[in-house]
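Thanks for coming. Please put the structure up.

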Amino acid sequence: MAHEARLIVHVARGGALERQLREDPPANLGDDVVVDARPPDEAGRIGAPDVGRVVLSVPSPETLTREPDEVRRVVDGAGAGDEPLVVVIEAAEELREDELAVVLDAAGRSPRSVVLHVVGDG
């Protein structure tokens, strides 16, 4: 049976966040995380998620570490279903290990896959 990623991170192709995740990734960016670089618009932003159900939208990744209980609550409370759960971050130039850990923890508790959709660079 193939290993399935717990977390899929959507980022703008060629943006600062994609570069950081490829060149200097957080230590916990391993087999459980897949980076999906998407073509950005002229402003360097990616469109709305094309799959899944948005369960949380935050302005920056720092919100994840300030409100980890909220991240867990919305992922845990999403219930059963086939479509992925989506956490949207409006802007981020980097993702730190502690920020990613909050979403990875929530994803590990859910039977559904989780998408971290980063709309654009900060």
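Start at R112, which, apart from neighbours within four places in sequence, is in contact with R53, A78, G79, A80, G81, E83, L85 and A107; contact here means heavy atoms within 4.5 Å. This is a predicted model, where local features need pLDDT of at least 70 and side-chain atom pairs count only at pLDDT 80 or more, while totals for chains, interfaces and linings use all residues. Residues are numbered from 1 along each chain as its sequence is written, and side-chain values use heavy atoms, with hydrogens and water left out.

R112 sits in the loop between α4 (97–108) and β5 (114–120). Helices (H or I, at least four residues) and strands (E, at least two) are DSSP runs, numbered from the N terminus.

Buried is under 20% relative accessible area, exposed is over 50%, and partly exposed is in between, with a 1.4 Å probe and protein chains only. The R112 side chain does reach backbone oxygens: that of A78 at 3.3 Å, and that of G79 at 3.0 Å from one of its polar atoms.

Next, the core. The largest nonpolar core has 31 residues, and those touching the most other members are L7, V9, L21, L64, I89, L95 and L116. Such a core is a set of buried Ala, Val, Leu, Ile, Met, Phe, Trp, Tyr and Cys residues joined through side-chain atoms within 4.5 Å. The largest share, 6 residues, comes from α4. V9 has contacts beyond four places in sequence that include L21, L95 and L116.

Now the helices. In α1 (16–23), the buried residues are L17, E18, Q20 and L21. They fall within an arc of 160° seen down the axis, so they line one face of the helix; the arc is taken over directions from the helix axis to the C-beta atoms. Among the elements covering them are β1, β2 and β5.

In α3, V71, V74 and V75 are buried. Their arc is only 100°, which puts them on the same side of α3. The face turned away from that side carries the exposed residues D69 and R73. The cover over the buried residues of α3 includes β3, α2 (62–66), β4, α4 and β5.

Methods:
A polar contact is a pair of N or O atoms within 3.5 Å; within protein, one must be able to donate a hydrogen and the other to accept it, and residues adjacent in sequence count only if both atoms are side-chain atoms.
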